[in-house]
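The entries are in the order in which I made them.

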Amino acid sequence: LRGYDAGPPVDAGEAAGLLLRSVMPAGASIPSDERARISLFRSLTVDRRLLIVLDNASSPAQVRPLLPSGPGCVVIVTSRDAMSGLVARDGVKRVYLDVLSAEASTQLLTALVGDEAAADAEAVDELARRCAYLPLALRLAAEYAAGRPDVPLAEHLADLDAATALDRLDAGGDEQASLRSVLAWSYQRLAPAAARAFRLLGAHPGREYDAYSVAALLDGSLTEARTLIRTLQQAHLLME
């Protein structure tokens with residue numbers, strides 16, 4: 001659904017057309033009207049047993065029209081958003097996926113970098129920590145290290161300090177494999193007030209803060225601060 005992507009999200013009508021092509025005979029006519037497409041898709045799923053994957057959704061509003069009406073259908077929705085509306089109104093069961101564990105992260109780095117990583121366990125542990133145990137960051141860091149095999153792994157850590165990590169962790173300009181770009185897709189989906197709060201939190205002199213600190217940064221009320229904190233938590237840009 002391209003909810004978080006370089007391009008615009010797929011709207012419900014376009015997505016319904018793609019789903020109809022998978023359940024209708026080849027060459028069958030698909031309605032041009034969005035509501036008609038959604039209505040036809042829901043009617044065709046009443047008596048079917050289907051597993052539908054709605055990947056990379058941006059919001060409940062993008063997903064809700066695509067939920068089939070048949071009891072034999074199962075839908076898996078993946079999103080960076082908490083999708084609270086789907087849980088509250090549509091009975092969706094939410095499953096959180098966390099970052100990798102420290103152990104799994106070091107195993108991944110060791111497997112990708114090879115002998116050098118196996119010989120310097122302390123550097124591998126520190127590299128995994130600086131990547132915040134994020135799978136994409138770990139893979140990009142491993143590719144960066146493997147591309148410079150003559151440089152000791154410990155020296156790569158100096159290139160991945162807080163000031164330069166986002167610029168180093170890319171794949172030669174590939175937007176789909178750039179940590180800065182991928183994180184920016186979450187930021188770009190924020191409402192202006194939440195985006196401003198996120199920017200101001202970047203200027204806070206520590207990694208931890210409470211609602212009172214956020215209110216002071218925003219020069220706003222405690223209620224406003226708590227609302228924006230919840231928004232950023234739901235977008236997985238803050239962790240409690």
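The notes below go from the whole chain to single residues.

**Entry 1: ground rules.** I am working with a predicted model, in which local features need pLDDT of at least 70 and side-chain atom pairs count only at pLDDT 80 or more, while totals for chains, interfaces and linings use all residues. Residues are numbered from 1 along each chain as its sequence is written, and side-chain values use heavy atoms, with hydrogens and water left out.

**Entry 2: the whole chain.** I looked up the secondary structure and got 14 helices and 2 strands. Helices (H or I, at least four residues) and strands (E, at least two) are DSSP runs, numbered from the N terminus. The C-alpha trace spans about 60 × 50 × 30 Å along its principal axes.

I then asked for burial. Of the 240 residues, 34% count as buried. The cut-offs for relative accessible area are under 20% for buried, over 50% for exposed, and partly exposed in between (1.4 Å probe, protein chains only). The accessible surface of the chain comes to about 14,200 Å², and 53% of it belongs to carbon and sulfur atoms. These areas come from the Shrake-Rupley method with a 1.4 Å probe, and for residues only the protein chains shown count as cover.

Residues 24 or more positions apart account for 51% of them.

**Entry 3: charges.** I counted 24 positive and 31 negative side chains, and the centres of the two sets lie 11 Å apart. Lys and Arg count as positive and Asp and Glu as negative, without His or the chain ends. Each charge is placed at NZ of Lys, CZ of Arg, CG of Asp or CD of Glu.

**Entry 4: salt bridges.** How many salt bridges does a search of the whole structure find? It finds 3, with a salt bridge taken as a side-chain nitrogen of Lys or Arg within 4 Å of a carboxyl oxygen of Asp or Glu.

One of them joins R64 and D90, with the closest N and O atoms 2.8 Å apart. R64 is in the loop between α3 (60–63) and β2 (73–79) and D90 is in helix α4 (residues 84–90), so this pair ties together parts that are 26 residues apart in sequence. Both ends are partly exposed: R64 has a relative accessible area of 22% and D90 one of 29%.

I next went to helix α7 (residues 121–130), where E126 and R129 lie 3 residues apart, about one turn of the helix. E126 and R129 form a salt bridge, and their closest N and O atoms are 2.7 Å apart. E126 also forms a salt bridge with R130, at 2.9 Å between the closest N and O atoms. R130 and E126 are 4 residues apart in helix α7, which means a separation of about one helical turn. I therefore logged E126, R129 and R130 as one entry, linked in a network of salt bridges. Relative accessibility is 22% for E126, 47% for R129 and 35% for R130, and each of these values counts as partly exposed.

**Entry 5: aromatic rings.** I searched for aromatic pairs and the count came to 1. Y187 and F198 form this pair, which is tilted, at 6.1 Å centre to centre and 40° between the planes. The rule pairs rings of Phe, Tyr and Trp (its six-membered ring) if their centres lie within 6.5 Å; planes under 30 degrees apart count as stacked, over 60 as edge-to-face and the rest as tilted. Y187 is in helix α11 (residues 179–188) and F198 in helix α12 (residues 192–201), 11 residues apart. Y187 is partly exposed at 25% relative accessible area, and F198 is partly exposed at 29%.

**Entry 6: backbone.** Which phi value does R2 have? Phi of R2 is near 55°, a positive value in a residue other than glycine. R2 sits in the segment before α1 (12–23) and is partly exposed, with a relative accessible area of 35%. Y133 has a positive phi of about 60° although it is not a glycine. Y133 is placed in the loop between α7 and α8 (135–146), and at 23% relative accessibility it counts as partly exposed.

**Entry 7: S213.** I found S213 in helix α13 (residues 211–218), partly exposed at a relative accessible area of 24%. S213 and L201 are 12 residues apart along the chain, and their C-alpha atoms are separated by 9.3 Å.

How values were computed
Contact means heavy atoms within 4.5 Å.
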